[in-house]
Amino acid sequence: SSGINAEWSLRPGECEKLRSSMTIALSKPQEELGINKDLFCGHEVDWTVPVQCLQDLPNHHSPIKKLERLLAAVNAIYTIIRDQNLEYTGKPRSMGADEFLPLFIYVLALSGLSTAGQEVIYMQCLLDPPLLIGEPGYYLTTLASSIMLIKSLDFDKPQQVLPTVGHLQSMLQIHFTDSDMKEIAYKTLPVNQNTTTSDLLASLASKFRLDNTDDYGLFKVEEGRETLLALQECPQLVKNQWFVESLERDINSYFTFHRVNR
């Protein structure tokens, strides 16, 4: 599930608000959207193909056709960056998810698709659930989350919180440490909105083959202060709340997974 429901998307004035937010987004430097301009090799990029793919969504009644156009837009963005680097550096370049998301948000803004929320709902309601397993569901979530990010960005000042794949509502970014508490990395994992801390800890314990699962916890870290999440809390809901707060004030929050007593 993308987390955007019909009530949210169809509320009066939402299309106009999204159109206005898209216009403002395009008036700002691309860096404020988190775009890595090194991907462009110092040259202009022609986004016509993915923009037209997104603009074509309302022209189809079939939800499968709409999904195909969305995936065509995604593929076009990856192809443009690959070919741009191949042309100017002699080497193709692949993108990670955190580099792709700001580009997708930018292309969505270029498309001016103010009815994007309705397109998401239409596909969610009419597509067979098996069709949304894997990549198609991931990129439908990307579209849904991009709408929310565009509408929530504060364009009155330079962005302090840039969009990353960890902001997607079906993904959760967690900081992992090893048994000696040395930093390993941030990893982004698929986690549903209704997954509890207890469920996530059990999954992580299985993934890392930990014996004493009760010894470990999931912590929210804000400005260096750790807070242990209760077992019945849903990390995605916690994340959604602090993301909204982080847009209102300059704070840095993330999750970390380690032993409760160390």
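**Labels and their criteria**

Analyst: Tyr216 counts as buried, at 14% relative accessibility, because buried means under 20% relative accessible area. The model is a predicted one.

User: What is the aromatic partner of Tyr216, and why is the pair with Phe257 called stacked?

Analyst: The ring centres of Tyr216 and Phe257 are 5.5 Å apart, with 20 degrees between the planes. Tyr216 belongs to strand E3 (residues 216–222) and Phe257 to strand E5 (residues 253–259), so the pair ties together parts that are 41 residues apart in sequence.

User: Is Phe257 buried or exposed?

Analyst: Phe257 has a relative accessible area of 4% and is buried, since the limit for that label is under 20%.

User: What makes Thr256 a buried residue, and which backbone atom does its side chain reach?

Analyst: The relative accessible area of Thr256 is 4%, hence the label buried. Thr256 lies in strand E5, and its side chain reaches the backbone oxygen of His175 at 3.2 Å. Not counting residues up to four places away in sequence, Thr256 touches Ile174, His175, Gly217, Leu218, Phe219, Val221 and Glu226.

User: How many aromatic pairs are there?

Analyst: The count comes to six aromatic pairs. In one of them, the centres of the Tyr78 and Phe100 rings are 4.7 Å apart and the planes lie at 0 degrees, so the pair is stacked. Tyr78 is in helix H4 (residues 63–89) and Phe100 in helix H5 (residues 97–111), so that the pair links distant parts of the chain, 22 residues apart. Ring pairs also join Tyr78, Phe100, Phe104, Tyr138 and Tyr139 into a cluster.

User: Why do Tyr78 and Phe100 receive separate accessibility labels?

Analyst: Tyr78 has 26% relative accessibility and counts as partly exposed, because that label covers values between the 20% and 50% limits. Phe100 has a relative accessible area of 2% and is therefore buried.

User: How do you know that Lys66 lies over the face of Tyr122?

Analyst: Lys66 is placed over the face of Tyr122 at 5.0 Å from the ring centre.

User: What makes the contact between Glu119 and Lys66 a salt bridge?

Analyst: The side chains of Glu119 and Lys66 meet at 2.7 Å, N to O, and the criterion asks for within 4 Å, so the label applies. The pair links distant parts of the chain, with Glu119 in helix H6 and Lys66 in helix H4, 53 residues apart. Both Glu119 and Lys66 are buried.

User: How many salt bridges does the structure hold, and what of Asp56 and Arg69?

Analyst: The structure holds seven salt bridges. One of them joins the side chains of Asp56 and Arg69 at 3.1 Å, N to O. Asp56 lies in the loop between H3 and H4 and Arg69 in helix H4, so the pair ties together parts that are 13 residues apart in sequence. Arg69 counts as partly exposed, at 26% relative accessibility. The side chain of Asp56 also makes a polar contact with the side chain of Asn59 (2.9 Å).

User: Why are Glu99 and Arg93 called partly exposed?

Analyst: Glu99 has a relative accessible area of 22%, and Arg93 has one of 29%. Values between 20% and 50% carry that label, so it applies to both. Their side chains meet in a salt bridge at 3.1 Å, N to O.

User: Which residues have the most contacts inside the largest nonpolar core?

Analyst: The largest nonpolar core has 42 residues, and those with the most contacts inside it are Phe40, Trp47, Ile77, Leu103, Leu108 and Leu143. H5 gives the largest share of this core, nine residues. A second, separate core of 15 residues includes Leu172, Phe176, Leu200 and Leu201.

How values were computed:
Residues are numbered from 1 along each chain as its sequence is written. This is a predicted model: local features need pLDDT of at least 70, side-chain atom pairs count only at pLDDT 80 or more; totals for chains, interfaces and linings use all residues. Side-chain values use heavy atoms; hydrogens and water are left out. Rings of Phe, Tyr and Trp (its six-membered ring) pair if their centres lie within 6.5 Å; planes under 30 degrees apart count as stacked, over 60 as edge-to-face and the rest as tilted. Helices (H or I, at least four residues) and strands (E, at least two) are DSSP runs, numbered from the N terminus. Buried means under 20% relative accessible area, exposed over 50%, partly exposed in between (1.4 Å probe, protein chains only). A charge sits over a ring if NZ of Lys or CZ of Arg is within 6 Å of the ring centre and within 35 degrees of the ring normal. A nonpolar core is a set of buried Ala, Val, Leu, Ile, Met, Phe, Trp, Tyr and Cys residues joined through side-chain atoms within 4.5 Å. A polar contact is a pair of N or O atoms within 3.5 Å; within protein, one must be able to donate a hydrogen and the other to accept it, and residues adjacent in sequence count only if both atoms are side-chain atoms. Contact means heavy atoms within 4.5 Å.
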